[in-house]
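Subject: Structure handover

Hello,

Here is the structure I said I would pass on. Please look it over before reading the notes below it.

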2 protein chains.
Amino acid sequence: MTAQELSGDQRLPIYQRLADVLRRDVTEGRLRPGDRVPSDNELSQTYQLAPGTVRKALDLLVSEELFERFHGRGTFVRRPSFDSSLFRFFRFRSSDGTSAVPEGRILRRVTENVPSYIARQLKIEEGASAISMSRLRLIDDVPIIAEEIWLPLDRFEAFLDIPTGEVGNLLYPVYDEACGQLIAKAEETLTAEAASEQTARLLRIETGTPVMMIDRLAKGYDGTPMEWRRSRGRADLFHYHTEIR
Amino acid sequence: MTAQELSGDQRLPIYQRLADVLRRDVTEGRLRPGDRVPSDNELSQTYQLAPGTVRKALDLLVSEELFERFHGRGTFVRRPSFDSSLFRFFRFRSSDGTSAVPEGRILRRVTENVPSYIARQLKIEEGASAISMSRLRLIDDVPIIAEEIWLPLDRFEAFLDIPTGEVGNLLYPVYDEACGQLIAKAEETLTAEAASEQTARLLRIETGTPVMMIDRLAKGYDGTPMEWRRSRGRADLFHYHTEIR
DNA sequence: GAGTGGTCTAGACCACTAT
DNA sequence: TAGTGGTCTAGACCACTCT
């Protein structure tokens with residue numbers, strides 16, 4: 001590569017502008033998860049920057065958990081492998097003691113008019129048509145979590161062509177392969193409530209016992225809302241741990 | 001200050017060792033919350049280091065949220081002002097719309113033999129004597145959270161001399177003033193359960209309705225466990241928000 | 001051995017804050 | 001105006017990985 005100009009607002013620090021360029025390379029698909037990022041040397045040559053400045057930009061992106069660096073190997077776009085993150089909250093152990101991805105069973109998948117609350121979250125038109133799913137997650141055939149999922153129809157139409165029986169235990173890889181939609185991050189909100197009749201039936205617990213409710217809005221690299229999900233799980237299996245300072 | 005040697009394992013990077021020295025200055029009380037840390041220049045002179053190395057150590061401590069830096073003013077030891085953090089989880093609004101510190105009422109304060117589970121957490125002897133408190137937190141006279149608190153007797157004996165009526169709405173400043181004990185960080189574990197009779201009475205809700213239970217182990221700068229606390233709050237007021245990547 | 005990132009130096013210049 | 005941190009340069013040397 002030959003020397004290039006750094007785009008963006010010239011008043012911003014150089015390392016910020018370089019980070020912006022690289023961030024955009026990811027959000028716009030020129031760099032994909034797992035890809036190697038040009039080395040410090042290459043970057044300092046193409047943009048005619050001191051190595052320290054390049055390093056500062058990369059350190060920033062590492063701290064954002066967008067990149068990871070490996071001494072002697074290179075810098076790479078981090079794979080967002082956070083499907084386990086919800087389940088980190090639950091004590092998920094198979095009977096053999098190993099922790100595993102719970103089984104996912106799609107119980108229902110239809111296109112429906114999206115409720116206005118969810119439309120607002122997904123930033124689609126109120127009353128527009130969207131994909132609606134019910135899904136049950138089990139370990140050793142014991143139901144742990146019941147999920148309601150909504151997907152915007154325009155991005156995920158191709159998902160409907162895949163028979164529900166052939167969808168594996170993880171949805172996000174399927175979103176990528178079938179629809180070219182990458183999930184990069186998410187926001188979750190956590191509450192507890194008393195189990196409704198329907199939830200109780202699905203989770204095989206008594207109506208009225210406490211369940212944890214986790215709402216997740218999953219987004220792409222550029223922050224576009226992609227999937228809305230409400231998960232309800234047995235509170236007695238739930239424990240969320242956090243450090244505060 | 002004159003030139004000094006950096007202590008610690010000589011195989012560690014210099015910036016790590018400098019950070020260790022400064023961290024210890026905080027944990028051992030030579031630098032207290034709000035104090036100004038020596039400037040980059042001073043540090044690079046006293047330890048005979050390049051400014052970039054000093055900066056790297058300080059950046060590290062900033063990223064740990066131990067220090068904060070202000071352009072043109074200096075570097076300071078961060079005040080751990082996280083008493084609000086538990087309550088960040090709850091939708092705490094006064095009737096006038098402003099968010100405020102909830103009122104804290106100590107209902108009971110005695111010395112008792114500490115249960116073994118809590119003794120293990122606080123790293124004190126099983127069956128040793130400790131301070132045990134019940135406390136209620138209210139907003140506009142509405143009870144929101146019921147707390148059980150345990151304190152090691154050796155560190156907090158002086159706390160018993162303060163009449164419960166004179167303890168304000170925040171405990172940690174009192175721990176500091178009365179006992180010289182600074183709380184710097186904490187770990188919390190979050191679960192939901194059905195309200196017991198006693199909890200229901202305190203929170204003025206129905207027995208069996210879901211409550212959030214938050215266990216907190218508060219620690220000093222050096223990680224010494226200081227206070228164990230179990231808080232139970234109305235689940236309908238509770239919502240915890242988090243970002244995942 | 002070639003290439004990568006990690007540490008460290010020794011400055012320059014700038015922007016912000018206090019007085 | 002003096003002192004602070006923020007940015008940036010232009011290297012050197014080292015430790016690690018791959019082949």
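Predicted model: local features only at pLDDT ≥ 70, side-chain atom pairs only at ≥ 80, totals over all residues.

Chain A

Chain A has 245 residues, of which 44% count as buried. Its secondary structure consists of eight helices and 10 strands. Along the principal axes, the C-alpha atoms of chain A fill a box of roughly 65 × 40 × 35 Å. If contacts in chain A between residues at least 6 apart in sequence are taken, 62% of them join residues at least 24 apart.

Interface of chain A and chain B

The two chains bury about 2,700 Å² between them, and carbon and sulfur atoms account for 55% of that area. On the side of chain A, the residues that lose the most area to chain B are A:Tyr240, A:Ile244 and A:Arg245, which together make up 28% of what that side buries. In terms of contacts, 29 residues of chain A meet 29 residues of chain B.

Four elements of chain A give two or more residues to the side that touches chain B: α4 (85–88), β7 (185–194), β8 (210–219) and β10 (240–244). The largest share, 10 residues, comes from β7(A). By residue class, this side of chain A divides into 12 nonpolar, seven polar and 10 charged residues.

β7(A) also takes part in strand pairing between the chains: β7(A) and strand β10 of chain B (residues 240–244) pair in the antiparallel sense over five bridges. Within that pairing, A:Thr189 has B:His241 as its bridge partner in β10(B).

A:Glu227

One residue inside chain A may be of use to you. A:Glu227 sits in strand β9 of chain A, residues 225–234. Is A:Glu227 buried or exposed? A:Glu227 has a relative accessible area of 0%, so this residue counts as buried.

The side chain of A:Glu227 is joined to that of A:Tyr172 by a polar contact of 2.8 Å. Leaving aside residues up to four places away in sequence, A:Glu227 touches A:Leu122, A:Ile149, A:Trp150, A:Leu151, A:Leu171, A:Tyr172, A:Tyr175, A:Arg216, A:Leu217 and A:Ala218.

Regards

Conventions. Residues numbered from 1 in each chain as written. Chains lettered and ligands numbered in written order. Heavy atoms only, no water. Contact = heavy atoms within 4.5 Å. Buried area = accessible area lost by both parts, 1.4 Å probe. Nonpolar A, V, L, I, M, F, W, Y, C, P; charged D, E, K, R; others polar. Pairing = 2+ DSSP bridges. Buried < 20%, exposed > 50% of the residue type's maximum accessible area, 1.4 Å probe, protein only. Polar contact = N/O pair within 3.5 Å; in protein donor to acceptor, adjacent residues only side chain to side chain.
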